[in-house]
There are 2 protein chains.
Amino acid sequence: MKNYLKHDEWCIIEEGFNREFNEITESVCSLGNGRMGQRGNFEETFTGKTLQGNYVAGVYYPDKTRVGWWKNGYPEYFAKVLNAANWIGIKVEIEEEILDLHKAEVSDFKRVLNMKEGYLQRTFTATLPSGKQVKVDAKRFNSIVDDEAGAISYSITPLNFDGKIVLTPFIDGDIKNKDANYDEKFWDEVHKETAFAEGYVEMVTKKTGFHVVTGQKFQIFQNGKAIEFTSFPQKAEKYVASQVTLSAKANEATVLVKYACNLSSENHAISELLPKAKAYLARIEAKGFDKMLEEQAEKWASKWETNDIVIEGDVAAQQGIRFNIFQMNQTYTGEDARLNIGPKGFTGEKYGGSTYWDTEAYCIPFYLATADQQVARNLLVYRWKQLGKAIENAQKLGFKDGAALYPMVTMNGEECHNEWEITFEEIHRNGAIAYAIYDYVNYTGDEAYLAEYGFEVLLGIARFWSQRVNWSEAKKQYVMLGVTGPNEYENNVNNNWYTSYFAVWCMKYLIEVSEKIKASNPERFQELASLTNLNETDEFDRFNHIIRNMYLGEDKELGIFLQQDGFLDKELIKVSNLPTQERPINQKWSWDRILRSCFIKQADVLQGIYFFEDDFDAETIKRNYDFYEPMTVHESSLSPCVHSIIAAKLGDKARSYEFYQRSARLDLDDYNNDTEDGCHITSMAGTWMSIVKGFGGMRVRNGQVYLAPFVPENWTSFSFKIRFKGNLLNIKTYAHEVLIENILGDDTTIFVHGNTVELKEKSTVSIEQKLLN
Amino acid sequence: MKNYLKHDEWCIIEEGFNREFNEITESVCSLGNGRMGQRGNFEETFTGKTLQGNYVAGVYYPDKTRVGWWKNGYPEYFAKVLNAANWIGIKVEIEEEILDLHKAEVSDFKRVLNMKEGYLQRTFTATLPSGKQVKVDAKRFNSIVDDEAGAISYSITPLNFDGKIVLTPFIDGDIKNKDANYDEKFWDEVHKETAFAEGYVEMVTKKTGFHVVTGQKFQIFQNGKAIEFTSFPQKAEKYVASQVTLSAKANEATVLVKYACNLSSENHAISELLPKAKAYLARIEAKGFDKMLEEQAEKWASKWETNDIVIEGDVAAQQGIRFNIFQMNQTYTGEDARLNIGPKGFTGEKYGGSTYWDTEAYCIPFYLATADQQVARNLLVYRWKQLGKAIENAQKLGFKDGAALYPMVTMNGEECHNEWEITFEEIHRNGAIAYAIYDYVNYTGDEAYLAEYGFEVLLGIARFWSQRVNWSEAKKQYVMLGVTGPNEYENNVNNNWYTSYFAVWCMKYLIEVSEKIKASNPERFQELASLTNLNETDEFDRFNHIIRNMYLGEDKELGIFLQQDGFLDKELIKVSNLPTQERPINQKWSWDRILRSCFIKQADVLQGIYFFEDDFDAETIKRNYDFYEPMTVHESSLSPCVHSIIAAKLGDKARSYEFYQRSARLDLDDYNNDTEDGCHITSMAGTWMSIVKGFGGMRVRNGQVYLAPFVPENWTSFSFKIRFKGNLLNIKTYAHEVLIENILGDDTTIFVHGNTVELKEKSTVSIEQKLLN
């Protein structure tokens with residue numbers, strides 16, 4: 001837990017250079033535009049603690065799997081997000097001395113991530129070993145308008161001397177992933193070239209053959225005017241640069257404006273990469289830095305228009321939630337159905353792969369409520385595109401006849417993970433993928449999606465579950481053996497309630513969807529049946545037999561669902577009885593001890609109750625919550641939000657807020673001592689859910705919005721916006737009043753605390769908060 | 001399964017060079033003397049398929065652990081048996097051509113491992129690319145008399161030319177382990193020197209700092225007489241050689257006799273290694289090759305005198321069992337309590353570590369019955385010496401107050417293994433280690449061992465179990481959660497019957513041993529209590545409470561013990577219903593599928609019944625055997641022998657023999673396609689047990705020997721020898737008669753098929769076989 005970043009409503013501010021935390025600040029200050037991302041690294045040389053990170057969406061490398069003991073079925077490769085060419089670099093030399101904040105004395109240092117307008121600014125004064133002082137003001141952004149480009153304005157002012165300044169903006173493609181399994185470099189050089197104040201490196205990834213051209217073009221200004229200069233080209237392996245020697249006067253700024261682009265063969269023909277990159281840079285240079293930044297600010301403003309959550313009375317909370325929303329929008333824009341949301345987004349390279357079940361379980365609700373429905377739809381189509389691979393993946397594990405097991409971690413549909421207890425057994429991910437289809441259709445009403453894409457995915461998943469269970473002669477019921485639930489502090493358990501409940505739901509939903517398609521579009525159903533080799537009678541009979549006869553563990557006496565077989569044999573201890581020095585247990589205890597303890601990493605039974613809350617009465621929910629939560633250590637960033645939502649539902653406002661707080665500033669405060677590896681992007685969506693589904697009590701049932709908002713005690717008010725079908729609503733909640741504004745769209749009706757509220761177009765309704773407060 | 005080695009009663013014979021199987025033959029033809037070992041590699045250059053292997057007992061290297069995903073508690077290092085300097089090398093050049101069987105035409109090739117006398121001989125004729133032909137006769141052994149030395153007689157005869165032969169005997173220490181985790185070399189050079197026909201390399205292992213001096217000294221003979229010659233010294237990194245150029249005549253043999261030694265700092269002061277090595281070589285050279293070989297043959301004869309098993313009517317079986325006995329004796333001589341029995345002995349480097357539970361569960365009975373009791377005792381003392389490390393190991397996993405968890409794999413007492421489901425959970429190994437103490441005392445009557453060493457180990461183990469179980473409020477009994485039983489095709493299960501039964505037994509035995517020591521030597525007990533901080537009342541109360549209230553799963557209806565919780569939920573299929581192309585399942589099925597199947601890798605419940613057979617009636621044993629064996633795939637080489645013994649006990653002679661056959665020629669026939677990695681040394685002890693405990697029905701109860709022999713149908717007779725207290729007995733079994741000879745020792749009484757048999761000294765008793773045949 002750290003507290004060195006200043007609280008501010010719109011900015012993340014580091015004042016004074018915190019060298020020891022530099023990798024954390026770099027993660028936090030990452031910039032992205034869905035297409036390319038960049039950690040908050042320095043433009044100039046820095047030999048201190050840093051994790052240089054530049055990422056190009058969709059470009060990955062299958063790194064050879066590293067294991068201690070090979071198990072049959074492990075994937076041979078682990079697809080990793082690639083650290084790509086460094087495009088921000090500007091080497092700065094002052095009379096033979098290299099500007100390097102690791103070696104200079106630094107004062108007036110300030111690094112500001114401006115979330116309102118989407119740029120990073122860094123200002124400082126450096127005193128070099130020789131005593132020369134310079135002032136630097138560097139501003140940069142990854143453009144969300146020109147989304148294959150970034151721009152930098154780098155201003156340097158001598159303070160106590162007149163003299164020579166050498167600026168060498170460069171592109172460096174000689175980059176290695178920190179987490180390469182065998183210490184390899186993943187890029188080969190294809191081509192490089194330089195021209196006046198311009199340079200390009202084309203590289204290709206080993207094995208996958210992605211080509212990326214990274215280019216730069218720059219201008220130099222003195223006294224506010226573009227100057228003429230001579231640039232000396234430099235080349236090295238995977239490296240181009242242009243060296244410019246300038247004479248500078250004390251207190252006169254020299255400004256280098258650098259435009260850079262990353263064009264990848266994911267989006268352009270290989271042969272066109274280089275000419276297109278040149279044209280791209282010419283175009284944005286003509287547009288100019290200021291205009292680009294202006295457009296950036298406008299586009300961010302329009303995003304905030306529909307995305308923003310405003311908290312009154314708590315600056316830290318306001319900053320936390322805006323940071324989360326900002327990062328979610330930087331990571332995924334929803335414009336490309338081949339992309340997805342990596343757990344670290346563009347903020348680090350840890351974990352590899354880009355897609356976990358986090359997308360469906362945590363991110364889809366965020367995008368549904370804050371973006372065009374196409375965004376969530378693209379995330380669903382992503383899985384549909386990978387159905388073939390999911391079927392292959394299941395085949396490798398011995399399943400057949402179109403059964404599909406989606407990977408735990410993937411980039412291109414192939415499994416990347418290699419821990420048997422997760423790779424092969426944490427199969428509940430299949431459930432979340434099916435649920436996201438339900439969630440999307442329920443929210444948007446876009447039932448056509450089911451016939452177009454949804455059915456095939458749902459059938460593959462239902463088939464998997466129907467083969468994954470087996471009939472227990474002992475129980476005379478179906479059982480599901482050898483699984484790992486969401487709580488990864490249990491491995492290879494039998495009859496994990498969450499997984500089994502989800503499996504049954506998937507089969508039920510598939511049958512329901514089938515009936516819908518049959519009724520609305522019988523021809524399409526025939527087409528789908530033929531496409532999927534569906535033997536409707538036999539297969540649906542089996543599904544129905546399983547639905548009716550699935551074993552779901554329950555303890556009648558305690559009135560709870562059993563997380564898994566044997567859970568009650570454990571020594572049941574509350575987390576509050578664990579000595580502080582033994583926590584987090586995943587750092588203090590050996591793995592076997594964690595496994596046989598009762599402690600829960602993240603919601604498991606409660607995760608199921610969260611998804612299927614309408615299946616259970618409030619008493620049942622409360623009993624399970626009261627039983628399981630006290631044993632939950634929340635050592636996954638995905639855990640607190642689910643508990644926050646359930647606590648809110650149960651009327652436990654204080655605890656709901658407490659859970660919210662555990663994840664809202666996770667990265668800003670480096671709560672888990674791991675922000676240096678990158679930010680927890682997907683859990684940010686969970687924080688958003690805590691507010692909207694938790695404090696806001698928002699649900700969609702039968703095509704309508706239900707709200708049950710309350711304001712946490714420490715806040716004056718909070719407001720969030722949701723898009724729902726044709727409407728954009730703003731819900732502002734005070735202790736004694738809820739104001740609901742119908743910003744966009746026709747008249748509509750919603751439910752607040754169970755009561756119908758009519759919302760006229762472009763008007764605001766005030767509702768007294770008396771039921772809950 | 002291969003069948004290229006000739007059947008012979010005393011020799012392993014390869015006729016004709018089987019290049020593709022060379023690594024297998026190298027494993028099979030390994031030589032060892034308990035102190036150093038050497039695979040059946042060629043002396044001269046060989047550029048074909050080979051795994052060069054030279055091993056020095058007790059010299060290991062802690063290789064940095066390699067894992068895919070780190071789990072808390074994993075050991076940082078994995079101690080590996082080191083591949084050490086090559087001492088057998090002789091480079092042979094014939095008129096500029098290097099003799100290399102990979103490049104020559106080879107005829108009349110024969111490689112013979114003579115198990116009766118303990119040497120390896122290789123003869124062949126090679127036609128070099130130039131057309132020159134030479135005949136070679138190479139004989140070598142690792143001396144069991146001078147057990148830090150080996151000797152080679154290498155005879156080369158030109159067949160179709162007179163000419164120059166250059167012989168360069170060398171020591172090459174520039175050796176790498178094939179299985180090094182990070183491709184490192186583990187040896188550094190300390191010193192090297194050469195003299196006339198002599199040379200030494202001293203090397204030190206990285207990290208562990210073991211020094212080893214490997215030296216050579218040689219003579220050359222022509223026409224049967226030592227000749228004078230000039231030797232040119234050669235040196236390279238970690239390498240010394242002496243080059244000798246000779247003129248040879250067609251059909252006249254040139255014989256190089258090379259003496260080599262490996263002296264390690266495990267046995268000598270570092271400063272004395274080099275002078276001692278020189279003295280050693282001078283001494284054995286003076287003794288001479290023929291004399292050394294004669295002594296070798298004599299010492300092997302004396303071993304066979306007490307070890308041999310003679311099978312009449314089945315040469316393949318005879319060869320198989322002798323090979324097993326031979327390898328057991330080559331691997332461990334019992335003279336050094338710091339050493340133990342690696343699963344591959346000196347025949348390969350796979351697995352690393354030297355000590356598994358195989359030692360206690362499989363090897364101790366062999367050494368008890370065939371060697372001086374000091375040998376088994378040393379194996380027990382080995383564990384006593386490592387008790388401190390076992391306590392540390394348990395502490396790392398969260399146990400306390402002297403609880404000891406012995407490692408799964410070790411070299412120096414520290415855990416080396418890193419698969420959580422085995423490292424942390426396959427804790428039944430602790431049981432076998434306690435059982436070996438019981439086994440030893442039961443067999444030898446050496447109760448003094450308990451007070452001297454046994455008690456401390458037993459207490460550490462009992463303490464571990466008492467902390468490892470927990471009280472289940474649901475069951476109102478103690479349970480043992482999260483374990484892996486001997487059947488490694490189940491991981492992280494609850495209430496594994498074998499482990500829980502063993503835990504209870506360990507606590508009972510500890511209490512029993514405590515009572516014995518208290519009665520016989522109360523002062524020593526006080527001393528031990530104080531040494532171990534024993535709180536007798538509290539600790540023994542807890543032990544007794546667990547003994548009385550331990551949950552042991554059982555299905556009353558089926559009348560079987562439950563391998564683990566939930567076993568009966570599985571789809572119970574017989575192995576006979578598995579398609580052949582799906583076996584072995586560990587190569588054909590993904591790991592999760594194996595885990596949730598009912599298939600059993602090796603005896604689990606039956607392993608428990610094997611150890612504690614007198615606790616169960618025959619019907620119970622039969623029911624469990626009939627239930628579990630049909631689901632057992634025996635994909636561990638340690639499985640069939642246990643089943644063979646139980647089948648024999650149940651009177652199922654045919655199946656007992658069938659199981660015996662599965663492991664008896666495992667390596668000779670390369671049954672599992674893995675002999676090239678080395679031989680399965682510890683399972684060889686299991687094969688011996690199949691005969692002695694299975695077909696011979698031998699048991700020791702109340703200090704007396706019980707036999708129930710029968711002869712398998714395919715054999716005329718078999719006989720085995722056992723040492724028991726003062727006696728050496730030979731038991732020869734025919735279909736209708738058992739002959740028992742009291743070779744050594746006083747009059748004694750044994751039991752055959754339940755009947756008392758009086759054995760006078762130096763006499764033979766014949767018993768009619770009618771009860772069983």
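Helices (H or I, at least four residues) and strands (E, at least two) are taken as DSSP runs and numbered from the N terminus. By that numbering, Asn223(B) sits in the loop between strand 16 (211-222) and strand 17 (225-226) of chain B. The model described here is a predicted one.

**Backbone geometry in loops**

Asn223(B) is not a glycine, yet its phi is positive, at about 50°. Asn223(B) has 10 other C-beta atoms within 10 Å and is therefore exposed. In chain A, His753(A) likewise is a residue other than glycine with a positive phi, near 50°. His753(A) is placed in the loop between strand 31 (748-752) and strand 32 (755-759) of chain A. With 18 other C-beta atoms within 10 Å, His753(A) is partly exposed.

In chain A, the bond from Arg583(A) to Pro584(A) is cis, with omega near -5°, and Pro584(A) belongs to the loop between strand 25 (560-561) and helix 14 (585-588). In chain B, Arg583(B) and Pro584(B) are joined by a cis peptide bond with omega about -5°. Pro584(B) lies in the loop between strand 25 and helix 14 of chain B.

| Residue | Other C-beta atoms within 10 Å | Class |
|---|---|---|
| Asn223(B) | 10 | exposed |
| Glu97(A) | 15 | partly exposed |
| His753(A) | 18 | partly exposed |
| His643(B) | 28 | buried |

**The interface of chains A and B**

How many residues of chain B are in contact with chain A? There are 41, and they meet 41 residues of chain A. On the side of chain B that touches chain A, strand 22 (470-472), helix 14 (585-588) and helix 15 (591-596) each supply at least two residues. Helix 15 of chain B gives the largest share of that side, five residues. Sorted by class, the side of chain B that touches chain A holds 12 nonpolar, 16 polar and 13 charged residues.

Chain B is superposed on chain A by a rotation of 180° with 0.1 Å of shift along its axis, at an RMSD of 0.1 Å. The two copies are thus related as by a two-fold rotation axis. Within chain B, Val67(B) has the C-alpha nearest the axis, 2.4 Å from it. Of the interface residues of chain B, 100% are also interface residues in chain A, so the copies meet through the same surface.

**Helix 17 of chain B**

In helix 17 (residues 618-628) of chain B, the buried residues are Asn624(B), Tyr625(B) and Tyr628(B). Around the helix axis they cover an arc of only 100°, which puts them on the same side of helix 17 of chain B. The face turned away from that buried side carries the exposed residues Ala618(B) and Glu619(B). Elements that cover the buried residues of helix 17 of chain B include strand 25 (560-561), helix 16 (605-611) and helix 18 (639-649) of chain B.

**Helix 18 in the two chains**

His643(B) is located in helix 18 of chain B. His643(B) has 28 C-beta neighbours inside 10 Å and so counts as buried. Not counting residues up to four places away in sequence, His643(B) touches Ala603(B), Leu606(B), Glu629(B) and Phe659(B). Gln587(B) is 56 residues from His643(B) along the chain, and the C-alpha atoms of the two are separated by 23 Å.

In chain A, the axes of helix 18 (residues 639-649) and helix 20 (residues 681-695) come within 8 Å and cross at roughly 5°. Angles under 35 degrees count as roughly parallel, and helix 18 and helix 20 of chain A are therefore roughly parallel to each other. On the helix 18 side, the contact is made by Cys641(A), Ser644(A), Ile645(A) and Ala648(A). Helix 20 of chain A contributes residues including Gly686(A), Met689(A), Lys693(A) and Phe695(A). By class, this contact has five nonpolar, five polar and one charged residues.

**Glu97 of chain A**

Glu97(A) is part of strand 8 (residues 97-98) of chain A. Leaving aside neighbours within four places in sequence, Glu97(A) is in contact with Leu128(A), Pro129(A), Ser130(A) and Lys132(A). The C-alpha atoms of Glu97(A) and Ala462(A), which are 365 residues apart along the chain, are separated by 66 Å.

Key:
Residues numbered from 1 in each chain as written. Chains lettered and ligands numbered in written order. Predicted model: local features only at pLDDT ≥ 70, side-chain atom pairs only at ≥ 80, totals over all residues. Contact = placed C-beta atoms within 7 Å. Nonpolar A, V, L, I, M, F, W, Y, C, P; charged D, E, K, R; others polar. Least-squares fit on C-alpha atoms with pLDDT ≥ 70 in both. Buried ≥ 20, exposed ≤ 12 C-beta atoms within 10 Å, placed from the backbone. Arc of directions from axis to C-beta. Axes fitted to C-alpha atoms, helices over the stretch in contact; angles between N-to-C directions. Parallel < 35°, antiparallel > 145°, perpendicular 65-115°, else oblique.
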